[in-house]
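Please open the model in a viewer and keep the selection panel at hand. The stops below are meant to be followed in order.

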Amino acid sequence: MKKLYFIVLAFLFSCLLLCACDTQGETDSTTPSSVTADSAVKREVYADNSHKNSQVSVVYPVFSGADMQKINADIYTFAKNFAELYYGQDYTDLQLELTFEVKRYDSEYLSIAFTGTGNVRTAAHPNNLFLTKNYDLQKKQAITLSALHTIDRAFADTLYTAVEEQFTALSRQDSSFDAETMWKIFQADYPTADALLSVLQKCDTDPTSCQSYITRNAIGVSLPVSHVGGDHIKVEVAF
């Protein structure tokens with residue numbers, strides 16, 4: 001049996017504001033460090049201020065090669081539609097900024113994580129956002145967690161236990177990390193492994209659901225939690 005490794009990260013919120021126009025913007029030939037040196041990735045910006053008192057900016061990748069056109073189109077559609085999918089078609093008073101990191105890009109898989117902040121002026125607090133897009137590059141199609149790992153009670157049990165263990169490990173590494181409080185926050189959202197399983201079964205189905213990503217040696221799962229816990233935590237399991 002492969003040994004499992006787990007990492008849990010609690011994301012603290014920040015409030016980001018960006019003035020943007022309603023057209024696509026800058027390009028950048030910079031290649032993220034997680035991408036192989038011979039790959040070509042451009043950074044594009046989808047920007048929209050057409051909604052009342054709102055500014056939306058989503059930085060997204062564009063990959064070279066004719067065989068990537070379908071995937072590039074899907075990524076662009078995600079960037080264009082994200083604000084409406086997450087906040088509703090008639091959103092107003094929204095400041096949204098997303099950027100991306102390529103988690104894995106090789107002959108088998110492409111995995112992209114989008115991170116940032118969405119802030120509705122009338123809301124009590126901003127949203128710390130973590131969204132992903134995963135692709136099987138052999139089949140040239142988007143995939144979800146269920147295509148990467150069997151989602152069953154055993155998987156949920158493993159992740160549930162790993163979260164508590166990792167909180168404890170983090171508190172030993174950093175005395176300012178309150179493992180007991182974080183565990184209580186997690187349990188409030190996931191009182192049992194069955195509650196966690198129900199969320200895992202819907203992973204990657206919409207922007208507010210559990211999100212998964214792939215690295216060279218792990219599958220990552222981002223679990224939504226209450227805002228006081230950082231809005232989401234991440235757990236990685238060997239792949």
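Is the link of cysteine 203 and cysteine 210 left-handed or right-handed about the S-S bond? Select both residues and display their side chains: the angle about the S-S bond is -65 degrees, and the link is left-handed. The model is a predicted one, and the S to S distance in this disulfide is 2.4 Å.

Next, select helix H3, which spans residues 179–189. Begin at its N-terminal end, which is capped by aspartate 178: a side-chain oxygen of this residue lies 3.3 Å from the backbone nitrogen of glutamate 180. Then colour the buried residues of H3, namely Ala179, Met182, Trp183, Ile185 and Phe186. Turn the view to look down the helix axis; the buried residues fall within an arc of 160 degrees, and therefore they line one face of H3. On the face turned away from this buried side, select Glu180, Lys184 and Ala188, which are exposed.

Which residues lie nearest the centre of the largest pocket? Select Phe78, Thr132, Lys133, Asp204 and Gln211, which hold that position within a lining of 16 residues. To place the lining in the fold, show helix H1 (69–87), strand S6 (127–136) and strand S7 (141–143), the elements that each give two or more residues to it. Colouring the lining by residue class separates 6 nonpolar, 6 polar and 4 charged residues.

Is histidine 232 buried or exposed? Its relative accessible area is 4%, and histidine 232 therefore counts as buried, the limit for that class being under 20%. Display the backbone of asparagine 128 as well: the side chain of histidine 232 reaches the backbone oxygen of asparagine 128 at 3.4 Å.

Methods
Residues are numbered from 1 along each chain as its sequence is written. This is a predicted model: local features need pLDDT of at least 70, side-chain atom pairs count only at pLDDT 80 or more; totals for chains, interfaces and linings use all residues. Side-chain values use heavy atoms; hydrogens and water are left out. A disulfide is a pair of cysteine sulfur atoms within 2.5 Å. Buried means under 20% relative accessible area, exposed over 50%, partly exposed in between (1.4 Å probe, protein chains only). Helices (H or I, at least four residues) and strands (E, at least two) are DSSP runs, numbered from the N terminus. The arc is that of the directions from the helix axis to the C-beta atoms. A polar contact is a pair of N or O atoms within 3.5 Å; within protein, one must be able to donate a hydrogen and the other to accept it, and residues adjacent in sequence count only if both atoms are side-chain atoms. On a 1 Å grid over the protein atoms alone, a cavity is a set of points where a 1.4 Å probe fits but cannot get out, and a pocket is an open set with protein on both sides within 12 Å along at least five of seven lines; lining residues have an atom within 4 Å of a point. Ala, Val, Leu, Ile, Met, Phe, Trp, Tyr, Cys and Pro count as nonpolar, Asp, Glu, Lys and Arg as charged, and the others, Gly among them, as polar.
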